[in-house]
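Please study the sequence and the structure shown here, and then work through the exercises that follow.

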Number of protein chains: 2
Amino acid sequence: MNESLLRKNIREIKAYVPGKTISGLIKLASNENPFGPSPKALEAIKKETSNLHIYPDQSSNKLREALSNKFSLPAECFVCGNGSDDIMQVLAASYINQGDEVIISKNTFSVYELVSKIYDGNAVFVDLKEFAVDLGAISSAITSKTKIIFLTNPNNPTGTIFTAGEFDSFMKNIPENIIVVVDEAYAEFVESKDYPDVLKYIKQGRNVIALRTFSKFYGLAGIRIGYGIGPKELLAPLFKVKMPFNVNRLAQAAAVAALDDKKFLEKTFKNNAEGKKYFYSEFDKLEIDYKKTEANFIFVNLKRPAEEFAKSMVEKGVIIRSLQSFGLPQAIRVSIGLPAQNKKFVSLLK
Amino acid sequence: MNESLLRKNIREIKAYVPGKTISGLIKLASNENPFGPSPKALEAIKKETSNLHIYPDQSSNKLREALSNKFSLPAECFVCGNGSDDIMQVLAASYINQGDEVIISKNTFSVYELVSKIYDGNAVFVDLKEFAVDLGAISSAITSKTKIIFLTNPNNPTGTIFTAGEFDSFMKNIPENIIVVVDEAYAEFVESKDYPDVLKYIKQGRNVIALRTFSKFYGLAGIRIGYGIGPKELLAPLFKVKMPFNVNRLAQAAAVAALDDKKFLEKTFKNNAEGKKYFYSEFDKLEIDYKKTEANFIFVNLKRPAEEFAKSMVEKGVIIRSLQSFGLPQAIRVSIGLPAQNKKFVSLLK
């Protein structure tokens, strides 16, 4: 094949580097729910399989109704995707013109950059400040060409949050022609009382979109479902641009059921809060440099080559995430697992 | 929201019009398998649900291995998508530069046009000839700007095919810098001995991609899985541009199992061949104008308003597809169902 056939702006795109899955090993690499999938979701899937020959509802209406009830917002303020990265992609397709600038924090989830490049946007990277999103520096990076700002809260891979007060100050300086996307993939794990209420801005009709997922807290990474919350006018174009049947039937049914799986969700939250404390206390004893987290993973600044460390851990039976592909070659990200899994990791650390 | 925020080239995109699903009614509108999903696929799904909290394999490797065995081509010659429309989208993202021309037959599946527009391509429409793809006219529409040609074989919504001989002649005139995409969504239903062997060109390394799906023959429309077959160099960029976890775990497992579900596939083929003959004979008696089909649906040229006809059919309990959204307001498409469903439709026609 002649290389010149390729679309110009995708030539330099690198493939996504996923967390490894090796069966039999303890996987603390992809922030998956260590309890497995929501049992109510599995029941719903079982009931739905006999309809698998029928195309899914292209608007995921039942799920949007359920989300509408949960968040007390009209169903039109929700869009569902084949994972929240599908929504990022469709959002970019709807709004990024050639040459538009897209502001992204450095050292984060690579799909923000991927979708910006695919649609000819110019990704503008802003350094983290002490491994946390730097809203001040992001504000300063705004130009007349800025179209979208991607924020991650809690931040991936460092687990930090920006607070409600910080976000309110930030929003005061955002012009109307900029879309602020807040990726809240880990929102359900947050314990801080200072977590921002992004929905407040959506209710005001500001150009703000929150992204959520069923992959983490709800234990449904394998079936692919995420959603966006935003003013209906801002989301409307996404329904035209998305592939018609982007969310499969089982994902739609599973998500509706998972939202309602209180027992499972409480158990997940409690396990995470306890696992976090356990890691803090053990890391403190070992004088390891880490960041306090509001998510279901902990960022550890190893200060030595993370790839080698990750390899040696795999040999010992635990998969964690080297952050080399995030541009942090001396750091790792460890998902909070079940107590025995956390203990195993700590024992290997020693 | 300010309309000017929108990406320029998506402003005129219209939303996809799907076939209706109304529970309790006979649905002959979306070319779904009337026997339901492949039983082997359902078994595989059941086994896989306990892993639903784990991200899927981002390259669908097991499925690509299975396809490699089925078609005797290297696994690198296959790419899997969240339905074959996902592959069209990623293909467009990889290859369409602004202003590139994309040749598409008129009155067909709307996603070819959608993905062309999303990536700033200029869709060039070529008329059908007696409701069949006109390869001669498509050849004549090629210019120095042509980048992709979308062909549908069997054609949707008319069920016609172009033959091996016709395709061979066509391919002789295709320059190397043009990608020919042959959407073979209905290939498994074909009875004609003259159906083209597109794989021949892929083995030669020509810029040709065949698209297949598990939505029709395999009864898996609801779980979303399709695949592309092409030279590995041509497909390689798609793996970088696609969303990392585009194909869910259950779809991957279901598809591998469905490929091997001989009994189900034989039953599906036989029912379709028989249903087709039944429709032909009844339509002949009623002197209805229809096209002979190589797919699992029949195109009927009603010669009166199809929307009204479709509405009256729904009232009587059968959903068929008015082709108004295909630009054929006086024609319908009827999926071949189970014998009793086909009979019901014919009785209503009378």
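A nonpolar core is a set of buried Ala, Val, Leu, Ile, Met, Phe, Trp, Tyr and Cys residues joined through C-beta atoms within 7 Å. A residue is buried if 20 or more other C-beta atoms, placed from the backbone, lie within 10 Å of its own.

This is a predicted model, in which local features need pLDDT of at least 70, side-chain atom pairs count only at pLDDT 80 or more, and totals for chains, interfaces and linings use all residues. Residues are numbered from 1 along each chain as its sequence is written, and chains are lettered from A in the order in which they are written.

**Exercise 1.** State which residues touch the most other members of the largest nonpolar core.

*Solution.* The core holds 208 residues. Those that touch the most other members are A:Val181, A:Leu220, A:Ala254, B:Val181, B:Leu220 and B:Ala254. Next, take B:Leu220 and leave aside its neighbours within four places in sequence: its contacts (C-beta atoms within 7 Å) include A:Leu52, A:His53 and B:Ala254.

**Exercise 2.** Describe the open sheet of four strands in chain B.

*Solution.* Strands here are DSSP runs of E with at least two residues, numbered from the N terminus; two of them pair if DSSP finds at least two bridges between them. The order is 9-10-13-12, with antiparallel pairing. Strand 9 (289-290) and strand 12 (321-322) of chain B each have a single partner strand, so one side of each lacks a neighbour in the sheet. Strand 9 of chain B joins strand 10 (residues 297-301) of chain B over two bridges. In strand 10 of chain B, B:Val300 is the bridge partner of B:Tyr290.

**Exercise 3.** Determine what share of the residues in chain A is buried.

*Solution.* Of the 350 residues in chain A, 53% are buried.

Definitions and conventions:
A residue is buried if 20 or more other C-beta atoms lie within 10 Å of its own, exposed if 12 or fewer, and partly exposed in between; C-beta atoms are placed from the backbone. Two residues are in contact if their C-beta atoms, placed from the backbone, lie within 7 Å.
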